[in-house]
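Please work through each task before reading its solution.

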Amino acid sequence: MRLLALQAQNFRNLHQVSLAPSPHATIAVGQNGQGKTNLLEALYFLATLKPLRAGRLAELVRWGTKAARVSGRFLLKGAEREISVEVGGGVRQAFVDGKKASSLEEYFGGVSVVAFTPDDLEVVKGGPDARRTFLDRAVFNRFPAFLKESRDYARALKNRNRLLRDGPAADPAYLDAYDATLARSGARVYVRRRALMAELAPRAQATFAAIGRTVDPAVYGYHPAHLAQEFADVDEARLAEALLEALAGRRRRDLERGFTSVGPHVDDVALTLGGRSARAYASQGQQRALVLGWKIAEIENLQASLGFLPLLLLDDVSSELDPERNAYLMGYLAASGAQVFLTTTDASLVRAAAAADTLWMDVHGGQVAPRPPEPSAGGQAPLPGQQPPAPVPVGHLLRGDVAEEGEAELRPENPVGHGEEERADHRPHRGAQEEGTGGAHEQHHPHAQGGFAPAPGLAEGQPHGDEGDGEEESGQPER
Ligand SMILES: Nc1ncnc2c1ncn2[C@@H]1O[C@H](COP(=O)(O)OP(=O)(O)OP(=O)(O)O)[C@@H](O)[C@H]1O
Ligand SMILES: [Mg+2]
């Protein structure tokens, strides 16, 4: 997968951007507040239909204009295809090769992106919802079918919660039916997450060991809460039974509280260092290494399992890393052969990721213009026509070579009785949905977003209240 061309119009402060990215590194340099993150967000929005930062869809449209548009031409499995998204009036519309997308699956069609922003560094210390989102983005990238599966779960959860709010008046026969549906779809979410973790966790642990500079091994684990069954070994049908049992066992409590207290939407990813909770004990540097370990593992895992590298977006990450970890990351990027977009206020921090084919850009006041090449890692800019260094196999780096040189929301358990189910954003991509039909789940989510006007055929069976559903709920705190 490769992005061949990117265009953005009236997206945040970007008036009009048109660029042909490098097949490897594209680096946007600029001072604070100039539009660097906006540029990455445009690309992220194109690839996921979600804003990179909290907010409402309307925030994406440049002030004084009515609509924003982002489009990109991708090379996917040998064929070129253009996807674009327009936002206006709080609604988004998605297009494939100039025609309205008939489904989200058609729209995404193999486009995959891994973003790494300073916000990600809070994942270790933040709440479980952030970690579930983190996990589910990786699950979606790895298993595209998860888009639909997680929507099914979100919808089932929303239905059950709606019924729970009737309290004692809720019809037990209906609840039984909803429990069964929820248990089935929940078991599928468990199975996907389990499969992803089985692949990703060992890689993340190895990467952490290479960059973490600590004798304590990291463990990335996922263990569903409140399930009696041994999670690791049982099949999907047994997981569904276990969830059904747990739902039945907690029904009274759920009816009292008006929300569902067991299921994938309340689970967490356990991050431990030397067997102790990273949330409670990890140092700043260890937190960064944990996140970096995860992201690099995600990239490698996609390459190993699907045979291609995702597009990487790194927003001002270098300023958050110490020199040694930054050197590790830059060395990794330069060697991996991935197509990557980096932003920075200080070009020297990312120079090591650059090569002869790097596209350097200046971002100033929402304008994006070519920038004279920076000297490369070796000190001198390679001469025109000079070959960039050959990519080094990614596995090579895991042995520490570079270190020596240098990604329903399913909601926490303590909801305060509002909008619980609507936090079913346990999937990375939202479903197509009219604005305002989702629930009240966006308020804490870093990737809240607005509505997406579906093409005919998209509206049916779309999720409500998962991560992507962007109602403009008033009075909700935003991040
Ligand atoms: N909808 C919008 N219309 C116009 N301008 C906007 C819009 N949304 C945000 N901006 C402006 O975009 C600018 C921020 O851009 P961005 O976040 O990309 O900066 P940045 O270059 O990444 O800065 P930093 O280095 O501080 O992260 C701010 O000046 C902000 O006022
Ligand atoms: Mg920024």
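**Exercise 1.** Determine in which hand helix 4 passes helix 5, and how the two helices are oriented to each other.

*Solution.* In this predicted model, the crossing of helix 4 over helix 5 is left-handed. Next, consider the axes: those of helix 4 (residues 146-164) and helix 5 come within 9 Å and cross at roughly 150°. Angles over 145 degrees count as roughly antiparallel, and helix 4 and helix 5 are therefore roughly antiparallel to each other. Finally, identify the contact: helix 4 contributes residues including Phe146, Tyr153, Leu157 and Leu163, while helix 5 contributes residues including Tyr174, Tyr178, Leu182 and Val189.

**Exercise 2.** Determine how helix 3 is oriented to helix 5, and state which residues make the contact.

*Solution.* The axes of helix 3 (residues 128-142) and helix 5 cross at roughly 90° and come within 10 Å. Helix 3 and helix 5 are therefore roughly perpendicular to each other. On helix 3 the contact involves Leu135, Ala138, Val139 and Arg142; on helix 5 it involves Arg192, Arg193, Leu196 and Leu200.

**Exercise 3.** Is alanine 183 buried or exposed, and which residues does it touch?

*Solution.* Alanine 183 is located in helix 5. Because alanine 183 has 22 C-beta neighbours inside 10 Å, it counts as buried; the cut-off is 20 or more. Leaving aside residues up to four places away in sequence, alanine 183 touches Ala240, Leu243, Leu244 and Leu247. Its C-alpha atom is separated by 7.1 Å from that of glutamate 241, 58 residues apart along the chain.

**Exercise 4.** Determine how many residues of helix 1 are buried, and what follows helix 1.

*Solution.* Of the 13 residues of helix 1 (residues 36-48), 13 are buried, so helix 1 is largely enclosed by the rest of the structure. After helix 1 comes leucine 49, whose phi is positive, near 65°.

Technical notes: Residues numbered from 1 in each chain as written. Chains lettered and ligands numbered in written order. Predicted model: local features only at pLDDT ≥ 70, side-chain atom pairs only at ≥ 80, totals over all residues. Axes fitted to C-alpha atoms, helices over the stretch in contact; angles between N-to-C directions. Helix = DSSP H or I, 4+ residues; strand = E, 2+ residues; numbered from the N terminus. Parallel < 35°, antiparallel > 145°, perpendicular 65-115°, else oblique. Left-handed = near helix turned anticlockwise from the far one by under 90°. Contact = placed C-beta atoms within 7 Å. Buried ≥ 20, exposed ≤ 12 C-beta atoms within 10 Å, placed from the backbone. Expected span 1.5 Å × (residues − 1).
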